Amino acid sequence: MFALNGVLAYLGVGAVGPGAPAAQTGGQPAAASNASGGSSDSGGAADTGGVRALPATFSGQKWYSEDLRDQEFDYKDPNAGDEVKFQPKKMNNSTLPDNEKRAELVREGRSLFANTSEEMPEHVGNDLSCANCHGGGDLPTTTGMVGQDIDMIPLVGTAAGYPEWTGRTERMRDMRQRIMGCFLRSMNSPGSAEGMPAYDSREIQAMESYMVWLNKGTPSQRTPYWRHIEKPEGDEKVPVPEVNPVRGAELYLENCASCHGADGQGIEGQYPPLWGEGSYNDGAGMGRMYTSAGFIREAMPYGAGHTFSNWEDVHDVAGFMNAHKRPHLPRQPKDWAVSGAPDEGIYYDRVQQRHGYDMNPMTKKLMLAGIPIDDSELTAEMIPEDTSRYDQPLRNESVDGSWQTTWIRTYENVGNETATNATATNTTASNQSAITPQAAVTSAIAEEESYAAS
Ligand code: HEC
Ligand code: HEC
């Protein structure tokens, strides 16, 4: 049986690499078929007093080639946040680069991740910080270290994965472009005064440096087992038309509203908003059904992740959250131009059409139930007695509105006023991209076209 303590312990030690001493050896490469040098029979390793030693030979070999969770590396209890064998790295002189200027960039990067909207207001078009989703920010309500909380989309080891292919914009992207893409989408940069930070800006360099620091000590070009959210797979996936956001509303009041508010707007300086102007836009990863379901299951309610043992419940809450209005990303209709938007992309009109709807199916169900989709307060009285009706697709029932009911334009400089606060108009996606915004928005869009990251 594998114990991961040792695999993790090396993170703090940093004595890993081509020259890692053989004395550290405890076993053979885990993925025997991939091992190029060492012969491997068991994949097991000596248990050295609760600390598992590393295979000495992993550097330069395909020590693991895929998510280790698939290889039964069980690092957490899937049902209850059991003991997590993960050792975050402390930021100090022994882990920071020797070069003082580089060390300074790493420290700056940490701070930008932790307090993004406060430190870079000219580039952030909402009230979020990277750490609100990637963990460990400076909110008084949170704990952990930036990007190293295992349940909060940790970014440890991520840097090794770049450059990488992205189907959303059909290109190879490097790490800076990836970070810029997060500004574009999760941080809604087009709604800020200056749009995305520039590729070569100090800020992007700092955040890149921080990610490289987080990566130090992890094998190059391998997917660490702690990377990515564990999304529903196979039967765990509830087909989009069967997700019930009305039941989700009920679950939301019970499990989420105490922090994020009955209106989903959170509390400034304590809990981040989940929808509305202050939240991520309709092109962000968190706006997808299975991505958000995976995140909620692992990370929320904050401090009590894995409380939801039932995937259906998580889908319903995720569907409720992503039924709401949020900022619109101008280039969103152009995403996934070649590969086609994934079925879980419920804010994409092409996906909605594919599922047989004329708008976000989650929005439609809330509207049918008379539950608000904006930032008004949700009350228990609004929730219908029998919520099971909304298990059905309800494709053919009509509501007053269109798919655009799900988005908000946050920027002020938009030239075409007809698109502002679009609620019941039936502008099509192609009309939308014809809108010509001005000044800051123009440059933000030009930049997003050239870097169009994920
Ligand atoms: C105990 C308070 C608390 C509860 C209850 C809670 N959250 Fe959170 N939530 C937080 C905090 C704090 C953060 C930010 C964490 C950070 O910055 O490290 C957060 C972040 C988030 C985020 C990512 C940031 C954003 O605003 O989009 C989502 C999504 C989210 N919560 C959804 C939920 C859902 C859904 C529920 C109910 C199942 C829930 N939360 C319950 C405290 C809570
Ligand atoms: C609203 C939540 C949210 C916010 C805010 C957010 N992200 Fe993310 N981020 C995600 C999600 C969701 C993913 C996809 C995770 C997956 O697919 O497993 C992701 C993925 C990433 C990845 C790729 C991770 C990997 O291993 O491939 C990077 C890098 C990243 N984010 C950086 C940032 C940065 C930098 C910021 C701030 C500028 C930021 N994120 C803000 C939700 C968020």
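Colleague: What should I know before I start?

Modeller: This is a predicted model, where local features need pLDDT of at least 70, side-chain atom pairs count only at pLDDT 80 or more, and totals for chains, interfaces and linings use all residues. Residues are numbered from 1 along each chain as its sequence is written, while chains are lettered from A and ligands numbered from 1 in the order in which they are written.

Colleague: Which residues come nearest to ligand 1?

Modeller: A residue is near a molecule if its C-beta atom, placed from the backbone, lies within 6 Å of it. Around ligand 1 there are 29 residues, and Cys 256, Cys 259, Pro 272, Pro 301 and Tyr 302 come nearest. Pro 301 sits in the loop between H9 and H10, and the peptide bond from Met 300 to Pro 301 is cis, with omega near -5°. Helices (H or I, at least four residues) and strands (E, at least two) are DSSP runs, numbered from the N terminus.

Colleague: And which residues come nearest to ligand 2?

Modeller: Cys 130, Cys 133, Cys 182, Ser 186 and His 228 do, out of 26 residues around ligand 2. H4, helix H5 (175-185) and helix H9 (289-299) each give two or more residues to that shell.

Colleague: How do I read a helix pair, say H7 and H10?

Modeller: Two packed helices are described by the angle between their axes and the distance between the axes. Axes are lines fitted to C-alpha atoms, for helices over the stretch in contact, and angles run from 0 to 180 degrees between N-to-C directions. The axes of H7 and H10 come within 7 Å and cross at roughly 95°. H7 and H10 are therefore roughly perpendicular to each other; angles of 65 to 115 degrees get that label, under 35 is roughly parallel, over 145 roughly antiparallel, and the rest oblique.

Colleague: Is Ile 153 buried or exposed?

Modeller: A residue is buried if 20 or more other C-beta atoms lie within 10 Å of its own, exposed if 12 or fewer, and partly exposed in between, with C-beta atoms placed from the backbone. Ile 153 has 23 C-beta neighbours inside 10 Å, so Ile 153 counts as buried. Its phi is near 45°, a positive value in a residue other than glycine.

Colleague: What about Glu 170?

Modeller: Glu 170 has 13 such neighbours inside 10 Å, so Glu 170 counts as partly exposed. Phi of Glu 170 is near 55°, again positive in a non-glycine residue.
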